[in-house]
Amino acid sequence: MIKKKILFLSAYNSSFVKNDRTILEKFADVSTISIPKKRNIYSLSLLISKIFIEICKNDIIYCWFAELPALLAVFFSKLLHKKCVVVVGGYEVASVPEIDYGGMLNKNNAKKVKYILRNADLTLAVSKSNRKEIAGSFITKQLKLIYNGVQINKFYPKGSKNNTVITVGNVTNENLQRKGLETFVKSASYLPDTQFILIGKHLDNSSEYLSSIASDNVIFTGFVNDEELLKYLQKAKVYVQVSAHEGFGISLAEAMLCECIPVVTSSGALPEVASNSAFYVPFGDPQQTAEAIKKAVQTENEEQFKTHIQENYSLKNREEQLVKIIGDLS
């Protein structure tokens, strides 16, 4: 059997993006274009030329995120009669004006996303919430849900837990609200005997603000590698994800595999990932978040959260569905 040739496009190299590329490489010849995040006229011209040339050589174009690379891919795919798949991550179709978040808040960006999804041969959503946002605002040729997958064997419980509370997210001004980092830090003051740990790169001056409002029981680790992250998750009792919007929630799923008890908002896909047994709090409420954390620390049913992720969001499940859906695309 002749392998299909797939051009893989993404300006980001997140774990879930890399996972998809690895899956596709198992059954297809995959080529990738390195896409610069910062672009000038020269680099953009070069990018357009490269994408056009590579689309000529490939059968299917697979794009992560409905952004500029996908716009170019969809346009050239139509011109050259090739098939184009676009995976929507979340931001592109989100509209959360309360925190000024989402691609739909910018009219020009909204037009770009509408063109991409209207003309892509297949649009993939990563959660039911994500699919609902797409279906509610966009016309698509074909829209399917394939949940993001987590590497089950990479995240697992080990040893005894201590009463630490953890969250993971890049420390940026946007994420103070979007990922609830400010609420997380403020909630720590209500539980002075519990250690709170915020793991994530410090990418702007927001870290200075968080440090200024943090009580003594808050630790900022900055970036940690995968091995260190696993050790933190294995020791933590509670994982907090009090976001205003989430397209999926990879870090939450990884924490649950390590038997961390989730404290989350009901925003976006968090209820799907966290399950009905999680502790739910209103967005932007440090006191109620602290109260939920206190209850979660006293909970002893951690294993059910690991099982929920294993049964619903394994990378194997995503692989099986991607193989079938790409195989049927002709």
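Reply: Axes are lines fitted to C-alpha atoms, for helices over the stretch in contact, and angles run from 0 to 180 degrees between N-to-C directions. Helices are DSSP runs (H or I, at least four residues), numbered from the N terminus. The model is predicted: local features need pLDDT of at least 70, side-chain atom pairs 80 or more, while totals for chains, interfaces and linings use all residues. Residues are numbered from 1 along each chain, and side-chain values use heavy atoms, without hydrogens and water.

Me: How far apart are the axes of H10 and H13?
Reply: H13 spans residues 303–312.

Me: Which residues of H13 make the contact with H10?
Reply: Contact means heavy atoms within 4.5 Å. H10 brings Ala 253, Met 256 and Leu 257. H13 answers with Phe 305, Lys 306, His 308, Ile 309 and Gln 310.

Me: At what angle do H2 and H3 pack?
Reply: H2 covers residues 41–57 and H3 covers 68–80. Their axes are 10 Å apart. The angle is about 45°.

Me: How many nonpolar residues are in the contact of H2 with H3?
Reply: Leu 44, Ile 48 and Phe 52 are among the H2 residues, and Leu 72 and Phe 76 among those of H3. Ala, Val, Leu, Ile, Met, Phe, Trp, Tyr, Cys and Pro count as nonpolar, Asp, Glu, Lys and Arg as charged, the others as polar. One residue is polar and none is charged. The nonpolar count is 14.

Technical notes: Helix = DSSP H or I, 4+ residues; strand = E, 2+ residues; numbered from the N terminus.
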